[in-house]
Amino acid sequence: MDIWETLLISLLISVILPIAFSFFWFFKIRGEKKISSSDVIRTRPPKALSGFFLGFALVVLLGGIAGIIYCCITDSENTTASTIILISVGIALFSALGFFGYAYIRFNYVVAVTDGIIVCRLFRKKRYYSYEEIGYFQDTSNLGMMGGLIGYDKNNSKIFAIEAIHIGASAVAQRLRDRGVQEKSKQS
């Protein structure tokens, strides 16, 4: 690979990643506009982000299966076993990465009800915190994809976190403000 190919690849990455993040953020903002001010606010990822992870996992899985079938059909030198093992390991790793990304983004959420917060995490049991138990929160969702909402108890221990990409994070922050939970300054 020469210097021009490396430059082209780095340029493509530096252009494609911001466009992809902007695409996901657009659907997050669009989803935020549809939230009603009801008693129950459930955070969720944008459908485009969930679809990205699920689509990635399925494309890798189906493409890998097609690659294995192709190797079995066109094998003229009996190299099928090693090729199939190599493709199978690649399928398993990348497909598992995509399915885990989907599960992580989809099944980590927070529900704000009238008297408290319910925190649901993947592979953990649900936790309930009343608004009186929450000492303060920090809302950094203005930082874009790098921000979020973090809730702390009275002992300064983190009890829940919501990524800024989740639809409903700003509504939960507003609910916390309305219930009298103190907001930690954004500078600290």
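A: Two strands, β4 (127-130) and β7 (158-163), each give at least two residues to the lining of the largest pocket. Keep in mind that this is a predicted model. The biggest share of that lining comes from β7, with five residues. As for the space itself, the volume of the largest pocket is about 330 Å³. It is lined by 15 residues, and those closest to its centre are Val-119, Arg-121, Arg-124, Ile-159 and Phe-160. By type, the lining splits into eight nonpolar residues, six charged ones and one polar one.

Now for the loops next to these strands. Between β3 (116-120) and β4 sits Phe-123. Phe-123 isn't a glycine, yet its phi is positive, at about 65°.

The loop between β6 and β7 holds Asn-156. Asn-156 also has a positive phi of about 65° without being a glycine. Its relative accessible area is 52%, so Asn-156 counts as exposed, the cut-off being over 50%.

Asp-153 belongs to strand β6 (residues 148-153). Asp-153 is buried but makes no salt bridge. Lys-154 is the nearest side chain of opposite charge, and it lies 9.2 Å away, whereas a salt bridge needs a distance within 4 Å. What the Asp-153 side chain does reach is the backbone nitrogen of Ser-157, at 2.8 Å.

Key. Residues numbered from 1 in each chain as written. Predicted model: local features only at pLDDT ≥ 70, side-chain atom pairs only at ≥ 80, totals over all residues. Heavy atoms only, no water. 1 Å grid on protein atoms, 1.4 Å probe; cavity = no way out; pocket = protein on both sides within 12 Å on 5 of 7 lines; lining within 4 Å. Points joined across faces, edges and corners; volume = space filled by probe spheres on them. Helix = DSSP H or I, 4+ residues; strand = E, 2+ residues; numbered from the N terminus. Nonpolar A, V, L, I, M, F, W, Y, C, P; charged D, E, K, R; others polar. Buried < 20%, exposed > 50% of the residue type's maximum accessible area, 1.4 Å probe, protein only. Lys, Arg positive; Asp, Glu negative; His and termini not counted. Polar contact = N/O pair within 3.5 Å; in protein donor to acceptor, adjacent residues only side chain to side chain.
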